[in-house]
Amino acid sequence: MNYDLIIIGGGAAGVAALKSAYDPNLKILLVERENRLGGILKQCIHNGFGVHHYKEELTGPEYAVRGIDAIKTLDVDILTDTTVIDVEKTNGTFTVRMSNTTDGDHLRTSKAVILSSGCYERTRGAIQLPGDRPSGIMPAGSAQRYLNMEGYLVGKKIFILGSGDIGLIMARRMTLEGAKVLGVAEIMPYSNGLTRNIVQCLHDFDIPLYLSHTISDIRGKSRLEGITISEVDETFQTIEGTEKHFDVDTLLLSVGLIPDINMFESLSFETSRKTNGAIVDQTYQTSVEGLFACGNALHVHDLVDFVTEESEKAGKSAKAFIMENHKKNKKLIDIEASDNIGYVLPQKLDMDQPFDEVELSFRATMKGDKGVFVIHQGDQEILTKKARFVMPAEMEKISLKKDLIDTTEPITIRFEVTQ
Amino acid sequence: MTYDYIIIGAGVVGTAIARELMKYQVNALMVEKENDVCNHASLANSAIVHSGHDPKPGTLKAKLNVEGNNLYEKLENTLDLPLLKNGALMVAFSEEDNKTLKTYYNQAIENGVEGVALLNKEDALKREPNLNPKVTMVLDLPTTKVTYPWEVTLAFAENAIDNGLELKKSTEVKNIEKIDGLFIVTTTKGESFKTHSIINAAGAFTGKIAAMIEKNTPYTIKPRRGEYFVIDRHVKGFINHTLYPTPTALGKGVLIVPQVHGETLIGPNSVFQDDPENIDNTKSGLSYVRKESTKLCDSIPFNKVIRTFTGVRASSTYDDFYIKESDEVKGFIHVAGIDSPGLSAAPAIAEYVVNTIINAEQSFTKKTDFIEKRHGLKLFHQMTDEDKKEAFRVEPRHGNLICKCEKITEADIVHAVNSSVPGDTVKGIKKRSRAGAGLCQGGYCEHNVIHLIARELKKDVTKVEYYDKESYILQSETKVKK
């Protein structure tokens with residue numbers, strides 16, 4: 001065995017997981033595909049990071065450096081410029097296939113693996129936008145990389161589809177760089193970004209936000225020449241006669257992020273159709289024993305602070321898994337999202353694990369000013385919590401005490417709007 | 001210099017003819033108006049090598065389809081072509097469909113298709129468990145294959161070039177004249193070339209090219225669009241055969257086609273349009289394809305779509321392939337109306353043009369040094385562990401993974417840029433190496449691909465194109481360099 005633990009991905013999640021998994025008696029390898037640690041934070045040069053975790057406002061690169069500083073003196077192996085290609089598991093041993101220019105395509109084995117490989121951006125193809133397919137249409141994060149990491153502007157007249165945070169941040173960033181952002185269209189009747197980003201990135205720069213609108217046509221032979229947006233009805237179908245045209249050379253897409261767990265050709269584990277990530281228990285262990293997942297590779301977070309918090313827990317669990325002789329019999333209870341809840345994490349509770357309480361993270365599927373979250377087990381209501389200003393863009397958390405859980409029936413959570 | 005032949009159009013048909021022609025001692029030039037080979041109908045289609053069950057017996061389509069299907073088996077090894085020998089099922093859902101299926105069964109046998117059989121519902125579901133359970137009968141067409149049309153076209157082009165063909169990309173024919181028995185072909189860039197003969201393989205533009213030299217062309221091109229969904233390769237095995245619905249008066253219908261690299265294509269619809277180059281996707285087209293396809297299989301994972309595209313078939317008013325020397329102008333050869341089964345028939349079309357229409361054997365000497373074999377790009381991830389070690393030792397750049405979805409290395413991309421038909425655009429690299437063809441559609445690797453193209457071709461990164469001419473991705477630098 002080469003290692004006790006291999007961590008895949010050295011962004012905020014991998015770095016936090018490494019910190020908490022560290023033990024002088026463990027051999028740990030962290031693999032990062034880029035030339036330095038930090039992940040997507042490196043290109044997020046705006047501020048607003050760290051308010052929860054460090055109690056101060058940092059830029060993305062500053063936040064990344066805080067985490068990296070905390071691990072740089074640890075006696076672990078860190079491989080940058082190295083990409084994981086595949087992971088296999090046989091007889092309790094993980095074999096991780098990776099590639100770099102020093103050792104080529106090679107294998108490393110370990111007892112446990114943490115998947116902290118982040119997420120990728122949903123593309124035009126995945127949402128099936130109609131129209132021509134010229135250049136000048138790209139995910140907002142790609143444009144952010146070109147601008148902040150490489151120093152290239154991708155266009156001068158911009159339209160943005162989707163009001164996710166990256167789209168909003170890029171609306172401001174492109175404006176500051178001299179481009180004209182003509183508008184942001186959002187198919188939902190509300191924005192999918194944090195409120196502070198709507199205010200600071202759109203309102204402050206007089207960039208219009210078209211709610212309940214989507215792209216209905218794209219024109220351009222070689223480079224994008226213009227787009228048309230249309231209003232949508234409750235079933236998200238475009239309404240004829242509501243078209244607005246914009247002459248733009250660039251369309252940025254901020255239409256969702258998807259956990260990037262596709263390096264696995266050989267190993268399969270249970271995934272959730274709701275998060276597109278792994279299904280985990282409260283220790284962040286997947287359906288494959290010894291395989292843990294955290295950060296945006298598990299589900300997409302609003303704030304990096306929560307990524308750090310979650311990944312520290314995952315790292316701690318992985319360490320416990322390696323150091324303790326782990327029992328193989330689990331007592332799993334399902335945790336399910338019910339009315340008005342998009343998804344809940346963890347999706348399983350292992351009652352055989354020692355714990356006093358478990359933190360449930362979840363998102364509502366609707367906007368509600370006032371309401372109540374209700375947690376059920378079978379017919380039994382076991383916990384309620386009043387909530388204000390609930391929206392899908394902001395993750396909610398509730399702690400659930402172990403002694404409230406009496407049976408092995410699934411636990412469900414729902415949201416009720418109150419007047 | 002005077003060419004023996006100018007071939008207009010570097011699609012699968014033009015390049016296949018060129019390769020066949022280069023077996024003889026001829027001077028040949030191929031002109032292509034686009035900046036790469038295989039940019040239109042040859043690229044965007046269902047990728048099927050049909051068995052030959054569909055064309056009416058006695059037609060050129062029937063003959064060349066069945067011959068072409070056989071030739072693919074030979075070319076698989078010679079030209080290093082990917083072939084998925086998965087067979088096809090034509091599916092019936094009613095008594096009426098059953099009757100139609102039986103006529104196709106007889107027609108397939110008459111056309112010389114081997115191995116055809118009619119299977120009952122039970123056997124059909126055993127073969128393809130996710131087939132819509134309303135199936136009543138299927139026609140088994142085991143010689144049906146799937147290929148990678150891009151690789152086929154590139155293979156023909158590269159092998160023809162290895163054997164002396166001259167290829168000029170970004171070269172659009174503007175005018176053709178015939179003076180003193182010689183054709184003068186002038187281009188929009190102002191160049192002009194002399195040739196004894198012309199082979200018109202310009203796809204949807206064959207009519208436009210013919211009109212430059214003929215008064216009355218016996219066919220009119222009617223471009224016919226087809227839209228498709230591409231489903232991620234990670235969802236493999238939900239359908240394993242190519243599935244055709246039973247054809248109706250409206251046409252061949254919407255198919256489900258597993259691809260050689262693991263994706264599944266869902267499509268196409270069939271709509272006539274005037275513009276041969278309009279390849280936009282429409283909401284109505286895609287929703288029609290979606291609705292129709294669920295008749296074949298009601299569990300298609302549309303949540304795993306990674307891309308949509310449109311292809312335009314070069315259909316014509318003539319009820320068959322139109323492959324003939326012009327009645328008006330000697331030495332001007334039409335290869336027109338090549339819609340389905342054009343890809344399947346392409347190798348046979350090439351032999352038919354060179355052996356029967358031109359009768360090259362009579363006019364030219366056969367080359368004794370014809371290079372038969374063509375080697376495709378050997379991608380690192382396709383190698384054995386042993387070969388990988390050696391390839392990495394020679395080129396450590398194989399250790400740098402650029403496209404993580406399709407596992408394409410820096411060396412793979414460098415080879416694609418520097419091949420005999422160079423890939424010099426982002427999509428050109430995608431066609432050759434599949435970098436950017438996966439789940440994230442280039443979101444992760446595009447910036448690296450741009451830098452590699454710029455480095456290899458000594459270009460500024462802002463001058464690297466996405467695909468078409470001037471389809472730049474980066475517009476300007478934001479920082480002033482000292």
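Which strand of chain A do two bridges join to β23(B)? This is a predicted model, in which local features need pLDDT of at least 70 and side-chain atom pairs count only at pLDDT 80 or more, while totals for chains, interfaces and linings use all residues. Residues are numbered from 1 along each chain as its sequence is written, and chains are lettered from A in the order in which they are written.

**View 1. Strand pairing between β11 of chain A and β23(B).** Strand β11 (residues 152-153) of chain A is joined to β23(B) by two bridges, and the two strands run antiparallel; strands pair if DSSP finds at least two bridges between them, a strand being a DSSP run (E) of at least two residues and a helix one (H or I) of at least four, numbered from the N terminus. Within β23(B), Ser476(B) is the bridge partner of Leu153(A).

**View 2. The contact between chain B and chain A.** Chain B contributes 44 residues and chain A 37 residues, where contact requires C-beta atoms, placed from the backbone, to lie within 7 Å. Elements giving two or more residues to the chain B side include α7 (283-293), α10 (385-394) and α13 (446-457), and β18(B) gives the most, with four residues.

**View 3. Domain 1 and domain 3 of chain B.** The C-alpha centres of these domains, whose bounds come from an automatic or database domain assignment, lie 31 Å apart. Ten residues of domain 1 of chain B are in contact with five of domain 3 of chain B, and helix α5 (residues 149-162) of chain B gives the most to the domain 1 side, with six residues.

Conventions. Contact = placed C-beta atoms within 7 Å.
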